[in-house]
Amino acid sequence: AGLDEVERFYRGEPLPAKTCVITFDDGYLDNYVHAFPVLREFGMKAVLFIVTGWLGDGPARQGDLETPNHNACKQRIAAGDTDSVMLRWSEVEAMAGAGAFEFHSHTHSHTRWDQQIEDPAARRAALVADLTASRRTLAERLGRDSRHLCWPQGYYDDAYIDAAVECGFDHLYTTEKRINRPGGDTRRIGRIVTKERGGDWLAGRTALYARPLVGALYCRLRGS
């Protein structure tokens with residue numbers, strides 16, 4: 001399912017049983033190399049929250065492509081070599097055109113402004129500029145405004161939420177353990193973080209979260 005279904009869920013509209021949303025963050029090349037073919041093969045769709053400022057131009061790549069691990073990707077990005085590990089817009093267009101992915105915001109720079117700027121007013125201004133650039137880039141590149149934002153490293157506070165809403169985002173995604181309910185707060189949408197765990201683990205977690213009372217107790221005991 002995609003994020004239109006998330007909006008329907010929060011409006012209280014019925015969805016098919018066992019509906020789930022698969023999400024990826026950042027926009028690494030391995031999404032194109034590994035996830036894209038699998039989703040296309042099984043006729044599924046996932047959501048990719050992309051760091052719009054890290055994506056470049058150029059033709060869609062072919063052949064046996066290198067996909068370094070996460071730490072190696074971060075090192076290359078820090079060194080200014082984003083193209084070797086991040087998607088290109090041509091690849092984004094191919095993935096979206098095939099119906100296997102839809103794309104939304106993971107900010108423009110992936111910066112934790114709370115760790116960079118001490119003054120609250122200056123920090124808010126930097127965050128608003130970052131979010132505005134991300135939403136504008138998505139609209140220019142894909143022809144559609146996104147109202148969905150995933151926070152880098154899952155961090156947010158009330159000031160972050162206010163800034164995001166000001167920029168036109170009203171569905172905000174976290175990494176918190178949280179039971180999402182119809183009519184609930186769309187500014188604090190929880191996700192299950194897999195961290196490369198196996199299928200049995202994921203099946204157990206989805207069964208747990210599908211039972212709101214039991215899932216809420218688990219979240220309360222385990223925290224976020």
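**Close-up 1. Packing of α7 with α8.** In this predicted model, α7 and α8 pack at an angle of about 110°, with 6 Å between their axes. Axes are lines fitted to C-alpha atoms, for helices over the stretch in contact, and angles run from 0 to 180 degrees between N-to-C directions. The two helices are therefore roughly perpendicular to each other; angles of 65 to 115 degrees count as roughly perpendicular, under 35 as roughly parallel, over 145 as roughly antiparallel and the rest as oblique. Helices (H or I, at least four residues) are DSSP runs numbered from the N terminus, as are strands (E, at least two). From α7, Arg205, Leu208 and Tyr209 meet Pro212, Val214, Gly215, Tyr218, Cys219 and Arg222 of α8, where contact means heavy atoms within 4.5 Å. Six residues of this contact are nonpolar, one is polar and two are charged. Ala, Val, Leu, Ile, Met, Phe, Trp, Tyr, Cys and Pro count as nonpolar, Asp, Glu, Lys and Arg as charged, and the others, Gly among them, as polar.

Residues are numbered from 1 along each chain as its sequence is written, and side-chain values use heavy atoms, with hydrogens and water left out. Since the model is predicted, local features need pLDDT of at least 70 and side-chain atom pairs count only at pLDDT 80 or more, whereas totals for chains, interfaces and linings use all residues.

**Close-up 2. The second largest pocket.** The volume of this pocket is about 190 Å³. Its lining comprises 13 residues, of which Lys177, Val193, Arg197, Trp201 and Tyr218 are the closest to the centre. Two or more lining residues come from each of α7 (199-209) and α8 (212-222), and α7 gives the most, with three. By class, the lining has five nonpolar, two polar and six charged residues.

**Close-up 3. Packing of α5 with α6.** Helix α5 (residues 120-142) packs with helix α6 (residues 158-166) at an angle of about 40°, their axes lying 9 Å apart. α5 and α6 are therefore oblique to each other. Their crossing is right-handed. Arg124, Leu127, Val128 and Leu131 of α5 make the contact with Ala159, Tyr160, Asp162, Ala163, Ala164 and Glu166 of α6. Seven of these residues are nonpolar, none is polar and three are charged.

**Close-up 4. Packing of α2 with α4.** Between helix α2 (residues 29-42) and helix α4 (residues 89-97) the angle is about 30°, with the axes 10 Å apart. That makes α2 roughly parallel to α4. The contact is made by Leu29, Asn31, Tyr32 and Phe36 of α2 and by Glu91, Ala94 and Met95 of α4. Five nonpolar, one polar and one charged residues form this contact.

Conventions. A crossing is left-handed if the near helix is turned anticlockwise from the far one by less than a right angle, and right-handed if clockwise. On a 1 Å grid over the protein atoms alone, a cavity is a set of points where a 1.4 Å probe fits but cannot get out, and a pocket is an open set with protein on both sides within 12 Å along at least five of seven lines; lining residues have an atom within 4 Å of a point. Grid points are joined across faces, edges and corners, and a volume is the space filled by probe spheres set on the points.
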